[in-house]
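Have the 3D view open while you read.

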Amino acid sequence: MTTRRKVLLVGEGNFSYSAALCQAGGDCVSVTATCLQSEEVARQQDGAEENLRLLKDCGAEVYFKVDCTRLTECEALAQRLYDSIIFNFPHCGRKSGVKKNRSLLAKFFHSCVKILAQCGEVHVALCNGQGGTPLDKPVREWHNSWQAVAMAAEAGLILSDICPFDRDKYQSYKCTGYSLPYTALQRVKMEALLERETVLFEIPEELSEYVNRDFLRPESRHPVRMVLEQLLRGLESDGPVRTLDTERPELFRNSPERLRACAPEAAPSEVYWIRSAETRAPGQDDGGPNGGQDGAARGYGLRPSLLMHVQEVVQHEDFRPGVLHASSGLVFRRAPVSRSGVSGAPALHQLLLVGAFPAESRPLLRLRRRLETLLSPHGFSFKEEEEEGGGEGAVNQVWVHLKGPSRVGRLAALPPAGESPESMQLCVVTLGLDPLALQLFSVPDWRLLWSPDPRFLEHFLPESPGPFRHFSVYPPAYMHDVSFWVEPDSFDELDFHALVRRASAGAVREVTLADRFRHPHMGHASLCYRLTYQSSDRALSRSHALGMQLKLRQLLPLHLQVTLR
């Protein structure tokens, strides 16, 4: 049995729209209609008597003297949750001006969220130009519009769609849908087994939303998993591919060998260094510290590349010559806050391919050609680079680029590993799955890949074909500057970007250096950064963005030892 959709209409005049909706929706909708006027006044309007009779015949509920900005004050409404709340052509009356009507919208939205069901929607019909969106014709100046998106954001709602008001089909201007709220980032405690020793550690707060998401699990329908499956299927057409299911820890113990393994892709300055909370030996109680200071002295880091696992793959019991072995997982890199899905993400999913093949078959060239066939139609290019010390004409590595210089992957030929004969060549490929997913599915913002909103994944269900369609359109953006004095030789800009992520919970889309000044005598430098706050999937109000900016200003002198200007 299909559940009837609960629909609430507010601000009705003669109840003609409510009556029409009842007739069009039939048994699929349960309608509750309200108006601000008393029943006596409402019945005096043209057609009201007939419409009210029709509503009664259809089983709809009708309530009078209901203030749409105080919906919970109506006891009957406060006891239920609605799937849709509709307000057609709101207006304060007479020449009330945009500020009063803007306030009406804001209070209405705040009132709605208290009785809105999970994943419910608020529909508002406005006249052209009132909404303040790029689709309004004519487009008014922002200060002269009702700023519908910004007013909805104050109540935690986002703009999900815009369509014409069609009275023949009884469709309203669909303004807002429910949005998950921004919450403060939490410390996440984790553990990793390193060489038979369990290390307990805390993930940096700015990374807490990227761990334990399991997007790559076999049953996942996340786009990074779909890209992984497509790549492996495409590679299997040219030879055997074996997926290694061994899980490898995201934490590593600092050593020169580990860092050298990642050298072409990640520098030590890009590594998230971690101080262990404690260590314990197998069988030891969780609460007993075991060499915590020793662990801090050795130093740990979050892996910046799966390249550090190449030797583990080669030494795996299932490793076979002539087979391409695949492994995938999460990697972390300290990165500037940027809209770029290649260089702006502090965490991404990576694919590692390792195989030993006869050198005479030119396996690296074969791999390149196969990947070019799969990726070139989607805007990816391949560029050969010869490592120092390589023989004349020998190609040691090939970088995979997206839209110019942005590197998203690498193919390399390494010396034979272990006891492998010199006639064999070890080929290693790393590919970032996140930028591939963004490009293949036309996802406009890399942050959407990490969205907890279920509407994102709904686009990738088998029954939802077609290109990605964003559920939050025209999100408002707010710019704030922050200036401070630093010691140029000790200031680490990536630490600043990490603090921005922590203070804003990922709500900052981009950070740019707006101005730089160095004192001619003191040697101190003054830096001014411009932060653009814009959410990809949640409601972000002006007051919320300002609160995040103030939090950043509080954290800066505490964590970076800078002097605010």
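Strands here are DSSP runs of E with at least two residues, helices are runs of H or I with at least four, and both are numbered from the N terminus. The model is predicted, so to speak for itself: local features need pLDDT of at least 70, side-chain atom pairs count only at pLDDT 80 or more, and totals for chains, interfaces and linings use all residues. Residues are numbered from 1 along each chain as its sequence is written, and side-chain values use heavy atoms, with hydrogens and water left out.

**The pocket.** β15 gives the most to the lining of the largest pocket, 5 residues. A pocket is an open set of points on a 1 Å grid over the protein atoms alone, where a 1.4 Å probe fits, with protein on both sides within 12 Å along at least five of seven lines; lining residues have an atom within 4 Å of a point. Among the 35 lining residues, Asp214, Leu216, Glu247, Ser328 and Gly329 lie nearest the centre.

| Element | Residues |
|---|---|
| β8 | 188-194 |
| α7 | 223-236 |
| β15 | 324-332 |

**A helix pair.** α7 also meets α12 (residues 433-441): Met226 and Leu231 are among the α7 residues in this contact, and Leu436 and Phe441 among those of α12. Contact means heavy atoms within 4.5 Å.

**A sheet.** Four strands form an open antiparallel sheet in the order β22-β23-β21-β24; strands pair if DSSP finds at least two bridges between them. β21 and β24 are joined by 2 bridges, and Trp485 stands opposite Thr563 in β24.
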